Amino acid sequence: MSLEPTFHIVLYQPEIPTNTGNIGRLCVASGCHLHLIGPMGFSIDEKQVKRAGLDYWVHLQHSYYENFEAFLQAHPTAMDRMSFLTTKTEQILFDKSFQQGDWLMFGPETRGLPEEIWRPRAAQSFKIPMIGPTRSLNLANSVSIVAFEGVRQLRAAKQGPFRS
């Protein structure tokens, strides 16, 4: 397996522990690094997070940042390769061309990403196409869709850890 993560999954102020636990499990299965930006609506030590991540949590590569500024200080070039997932943009996910090591940012369950984060980089913003009256999808489902669309693209291009 490659030393570089498949992708960097960034959760901005997640609110629901079971979503974060499920996303952590997904990250282990897909070789992604999980970045959690606070404040969060729960403690990372909560039983619900670990239960949703099952026994995979010990294998998870993850980092926590107290706030968005701390994240930016730790990763000053991440925004150059960041894709922002929001229902408020016109570009759809399938227009994104993924590269190993890309950064993918998702907002909190009840509010989504704040405009001041994604709007200045609207060209790097994507939405999951939906049919019907649905406003949004569950955060864990959204991360799964986006991460595995990226995995599909890497595999088709014979890049990253999924070359076969």
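Predicted model: local features only at pLDDT ≥ 70, side-chain atom pairs only at ≥ 80, totals over all residues.
R119 is partly exposed, with a relative accessible area of 44%. By that I mean an area between two limits, since buried means under 20% relative accessible area and exposed means over 50%, computed with a 1.4 Å probe on protein chains only. Its salt-bridge partner is E115, with N and O 3.2 Å apart, and E115 is likewise partly exposed, at 40%. A salt bridge here is a side-chain nitrogen of Lys or Arg within 4 Å of a carboxyl oxygen of Asp or Glu.

Residues are numbered from 1 along each chain as its sequence is written, and side-chain values use heavy atoms, with hydrogens and water left out.

Let me continue with the salt bridges. The count comes to five. One of them joins E15 and R111, with 2.7 Å from N to O. This pair connects distant parts of the chain, 96 residues apart: E15 sits in the loop between β1 (7–12) and α1 (17–30), and R111 in the loop between β5 (102–106) and α4 (115–118). The helices (H or I, at least four residues) and strands (E, at least two) that I name are DSSP runs, numbered from the N terminus. R111 counts as partly exposed, at 46% relative accessibility.

A further bridge involves K96 and D102, whose closest N and O atoms are 3.1 Å apart. Are these two residues buried or exposed? K96 is buried, with a relative accessible area of 11%, and D102 is buried as well, at 4%. Together with R81, K96 and D102 form a network of salt bridges.

I turn now to the sheet. Six strands form an open sheet in the order β3-β2-β1-β5-β4-β6, and the pairing is parallel. The edges are taken by β3 (62–65) and β6 (125–126), each with a single partner strand, so one side of each has no neighbour in the sheet. Two strands are said to pair if DSSP finds at least two bridges between them.

Consider β1 within this arrangement.

How many residues of β1 are buried? Six of the six are, so β1 is largely enclosed by the rest of the structure. F7, I9 and L11 point one way from the strand, and H8, V10 and Y12 point the other way. In a regular strand, side chains alternate between the two faces of the sheet.

This leads to the nonpolar cores. A nonpolar core is a set of buried Ala, Val, Leu, Ile, Met, Phe, Trp, Tyr and Cys residues joined through side-chain atoms within 4.5 Å. The largest has 27 residues, of which I9, L11, I23, L34 and F106 touch the most other members. Two or more residues each come from β1, α1, β2 (33–37), β5 and α5 (139–156). The greatest contribution is that of α5, with seven residues. Apart from this core lies another, of 15 residues, among them I37, F68, F84 and W118.

The helix α5 lies across β1, β4 (82–85) and β5, running at about 160 degrees to β1. Axes here are lines fitted to C-alpha atoms, for helices over the stretch in contact, and angles run from 0 to 180 degrees between N-to-C directions. Contact means heavy atoms within 4.5 Å. Not counting residues up to four places away in sequence, F106 touches residues including I9, L11, L139, V143 and V146.

Finally, I come to P108, in the loop between β5 and α4. P108 is buried, with a relative accessible area of 3%. Neighbours within four places in sequence aside, P108 is in contact with Y12, Q13, E15 and L113.
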